[in-house]
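Me: I'd like to learn how to read a structure like this one. Could you walk me through it?

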Amino acid sequence: MATSSPHHPKPCLTMKIRDSGMPEETFWESLFDVPLVLSKLGIERFHDVAELGCGYGTFSIPVAKAISGTLHAFDIDPAMVARTLQRGAGLRITASVRDVMEFGFGVRVDAVLLFNILHCERPVALLQHASNALSEGGKVLIIHWRCDIPTPRGPAAQIRPHPDQIAIWASEAGLKAGDGVELPPWHYGLILEISDT
Ligand SMILES: C[S@@+](CC[C@H](N)C(=O)[O-])C[C@H]1O[C@@H](n2cnc3c(N)ncnc32)[C@H](O)[C@@H]1O
């Protein structure tokens, strides 16, 4: 059953990631082929999963349906948490207001979702938070807006990360990147795992 976790730090609203505001829900959800994204990232193989930030629950709800455990969704915006909880009624979802940049995830999971968020001010710190949340063999699943084509939405071009840039940040956070995947029409995906070296 979808629940709001009572045990979260008090959020600091000044830490909202740059260019992370949301357009209207229906428009936002017209921009993704959600089943394709989740299939190409192999979401069904994971048990417990954490997500920053959940937004409208665009991915949270199908992820919660696909995995065998619980989806722990976090967002700094209480309205986004409320919407995700509303849509997730009856599913195994916890949704909490939390500034993940400041406090990390506070859970241990098999996968962390960083969807449309790695244009943040401190990407290596965010990847370290994600790495700290992973159980053995866990993965960080990333999608982001392509930076090589015009897109109908997304952060400013100068702060959009290229997959090669994410791979460099990942190595600084003790993670290693696999091959990128295409997620048409507007996105790419990348899977990170904890580096052996
Ligand atoms: C661009 S939206 C992406 C939402 C979702 N991942 C998706 O792709 O549909 C970014 C979300 O991150 C949330 N956010 C921004 N800064 C945050 C922070 N420091 N901690 C947690 N959530 C944050 C925003 O409120 C927003 O809902």
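Me: How many helices and strands are there in the protein?

Reply: Helices (H or I, at least four residues) and strands (E, at least two) are DSSP runs, numbered from the N terminus. Here you get seven helices and nine strands. Keep in mind that this is a predicted model, where local features need pLDDT of at least 70, side-chain atom pairs count only at pLDDT 80 or more, and totals for chains, interfaces and linings use all residues. Residues are numbered from 1 along each chain as its sequence is written, and side-chain values use heavy atoms, with hydrogens and water left out.

Me: What is the radius of gyration of the protein?

Reply: That value is taken over C-alpha atoms, and the globule rule is 2.2 Å times the number of residues to the power 0.38. For 197 residues, a compact globule would come out near 16 Å; the protein has 15 Å, so the two agree.

Me: Which residues come nearest to the ligand?

Reply: "Near" is when a heavy atom of the residue lies within 4 Å of the molecule. There are 23 residues around the ligand, and Trp28, Gly53, Asp75, Asp99 and Asn116 come nearest.

Me: Which atoms of aspartate 75 and glycine 53 lie by the ligand?

Reply: Look for polar contacts, pairs of N or O atoms within 3.5 Å. Aspartate 75 has a polar side-chain atom 2.6 Å from an oxygen atom of the ligand. Glycine 53 uses a backbone N or O atom, 2.8 Å from a ligand nitrogen atom. Isoleucine 76 also has a backbone N or O atom at 3.1 Å from a nitrogen atom of the ligand.

Me: Where is the cis peptide bond?

Reply: Check omega: the bond joining proline 184 and proline 185 is cis, with omega about 10°. Proline 185 is in the loop between β8 (181–183) and β9 (187–194).

Me: What is the phi of aspartate 19?

Reply: Aspartate 19 has a positive phi of about 50°, although it isn't a glycine. You'll find aspartate 19 in the loop between β1 (3–4) and α1 (25–29).

How values were computed: Polar contact = N/O pair within 3.5 Å; in protein donor to acceptor, adjacent residues only side chain to side chain.
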